[in-house]
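The following note sets out, point by point, how the chain is put together. Please read it with the sequence and the coordinates at hand.

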Amino acid sequence: MNLPALLLHPHQHFLKGLLRTPVPGYHFTFHSSAHLLSGIPCAQPFKSLGLHCTKWMLLSNGLRRKLCVQATLKDHMEGLSDKEQRFVDKLYTGLIQGQRACLAEAITLVESTHSRKKELAQVLLQKVLIYHREQEQLNGGKPLAFRVGLSGPPGAGKSTFIEYFGKMLTERGHRLSVLAVDPSSCTSGGSLLGDKTRMTELSRDMNAYIRPSPTRGTLGGVTRTTNEAILLCEGGGYDIILIETVGVGQSEFAVADMVDMFVLLLPPAGGDELQGIKRGIIEMADLVAITKSDGDLIVPARRIQAEYVSALKLLRKRSEAWRPKVIRISARSGEGITEMWDKMKEFRDLMLASGELTAKRRKQQKVWMWNLIQENVLEHFRTHPTVQEQIPLLERKVLSGALSPGLAADLLLKAFKSKD
């Protein structure tokens, strides 16, 4: 029996018989305002059955989640104009076909702060997410891409390392995406460092995609939409995603909620090695790489490697399957780069086999959701008419010293609650 075709032309007797006859592996569900039952939207109501039903479908246990997501996507698509639907479909089709221009345009769309473009971006992301889940199921439930976060102090050689490392990966048949997050100019809002200009060879490689993005004031060294950009890159067929953060500090904690592995790059002559041994700096690192380990810097690099090996022993173990390692590398001579990639693959395999990688990604999805909720709630608060009226007056009182910042914040919250 062709169930999808039959469901397009429902019949009263078939439905009543179906309700009385159990179907192995399937259950029949309705969505009704009068009954607390779950279901999926369908175009036709079934008033003759005594239900005000707007949505229904045969569901197997394995398909329930997927069909619910598709129904949600359909609801979003219905709110778009024909032009907007064609635009989203064009981006989606080009993206999954591996077109770099469509990937770039899709990331630009999700980075937009325009309200309507943000809605279009969510529709596109939902379509990509469905495709991504389907591809993961075809891959045996294993992740399609390996996400790696890179951080380190200025001058550690992050861009030089990424170019050498990226060329090595593309030569081995991998497709690499680099999301280089730059600090923003307070004047123009654009990127200050221009990381892409320092990866000239890699930027010309057709199997590599480099996307510099300004932080626009976002704390933590990652942009507001880094998670979305990662998903789009994976949908575009890139199997290794590198996220280069601004520097060390809060960025470790922000990027750790987005990647599978966090790598800390440190120069051998930073001047104050004991600062780096502090727990808050390296506790999130799965791998510490001492860069520029060549020439006259080999001796200090070996010394710092030994210091970090000792420091890591003092930290509480975060994983049952992996103990953080400290290695020496040189992007100029290539020393240690191959061994570093071997360590990274070992980490991925061990974490995947133990189930920790899957659990980590699930936790990251929840963190991603709550970060978006916080952002949207704050935006709603700022744009509330009553709050907007009160902000200039309260700011002047705070600046003059007539009102404490805490009391001003309380007054704004009370105004928001009373009128919302």
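1. In which loop does Pro-268 lie? The model is a predicted one, and in it Pro-268 is placed in the loop between E7 and helix H11 (273-277). Its relative accessible area is 2%, so Pro-268 is buried, the limit for that class being under 20%. The C-alpha atom of Pro-268 is separated by 8.3 Å from that of Arg-302, a residue 34 positions away along the chain.

2. As to overall composition, the chain contains 17 helices and nine strands. It has 420 residues, of which 41% are buried. Among contacts with a separation of 6 or more, 72% are accounted for by residues 24 or more positions apart.

3. The largest nonpolar core has 47 residues. Those that touch the most other members are Leu-103, Leu-124, Leu-232, Ile-241, Ile-290 and Tyr-308. Two or more residues are given to this core by each of the helices H4 (82-96), H5, H6 (115-138), H9 and H13 (298-313), and by each of the strands E6 (240-244), E7 (261-266) and E8 (287-290). The largest share comes from H6, with six residues.

4. How do H5 and H9 pack? Helix H5 (residues 100-111) meets helix H9 (residues 226-235) at an angle of about 160°, and their axes are 10 Å apart. Because angles over 145 degrees count as roughly antiparallel, H5 is assigned that relation to H9. The crossing of H5 past H9 is right-handed. On the H5 side the contact is made by Leu-103, Ala-106, Ile-107 and Val-110; on the H9 side it is made by Glu-228, Ala-229, Leu-232 and Cys-233. Sorted by class, this contact of H5 with H9 comprises seven nonpolar residues and one charged residue, with no polar residues. Leu-103 and Leu-232 take part in this contact, and both are also listed among the core residues that touch the most other members.

5. H5 also packs with H4: the two axes come within 8 Å and cross at roughly 130°. H4 and H5 are therefore oblique to each other. This crossing is left-handed, whereas that of H5 with H9 is right-handed. From H4, the residues in contact are Phe-87, Lys-90, Leu-91, Gly-94 and Leu-95. They meet Cys-102, Leu-103, Glu-105, Ala-106 and Leu-109 of H5. The classes represented in the contact of H4 with H5 are seven nonpolar, one polar and two charged residues. Leu-103 and Ala-106 meet H4 here and also belong to the contact of H5 with H9.

6. Thr-108 is another residue of helix H5. Is Thr-108 buried or partly exposed? With a relative accessible area of 45%, Thr-108 is partly exposed. Thr-108 and Thr-225 are 117 residues apart in sequence, while their C-alpha atoms are 9.9 Å apart in space.

7. H9 has a further partner in helix H15 (residues 356-382): the two pack at an angle of about 130°, with axes 11 Å apart. That angle makes H9 oblique to H15. Asn-227, Glu-228, Leu-231 and Glu-234 of H9 are in contact with Arg-361, Trp-368 and Leu-372 of H15. By class, the contact of H9 with H15 divides into three nonpolar, one polar and three charged residues.

8. Met-258 lies in the loop between helix H10 (251-255) and E7. At 8% relative accessibility, Met-258 counts as buried.

9. Most residues other than glycine have a negative phi. Lys-292 is not a glycine, yet its phi is positive, at about 55°. Lys-292 is located in the loop between E8 and H13. With a relative accessible area of 35%, Lys-292 is partly exposed.

Notes:
Residues numbered from 1 in each chain as written. Predicted model: local features only at pLDDT ≥ 70, side-chain atom pairs only at ≥ 80, totals over all residues. Heavy atoms only, no water. Axes fitted to C-alpha atoms, helices over the stretch in contact; angles between N-to-C directions. Helix = DSSP H or I, 4+ residues; strand = E, 2+ residues; numbered from the N terminus. Parallel < 35°, antiparallel > 145°, perpendicular 65-115°, else oblique. Left-handed = near helix turned anticlockwise from the far one by under 90°. Contact = heavy atoms within 4.5 Å. Nonpolar A, V, L, I, M, F, W, Y, C, P; charged D, E, K, R; others polar. Core = buried A, V, L, I, M, F, W, Y, C linked by side-chain atoms within 4.5 Å. Buried < 20%, exposed > 50% of the residue type's maximum accessible area, 1.4 Å probe, protein only.
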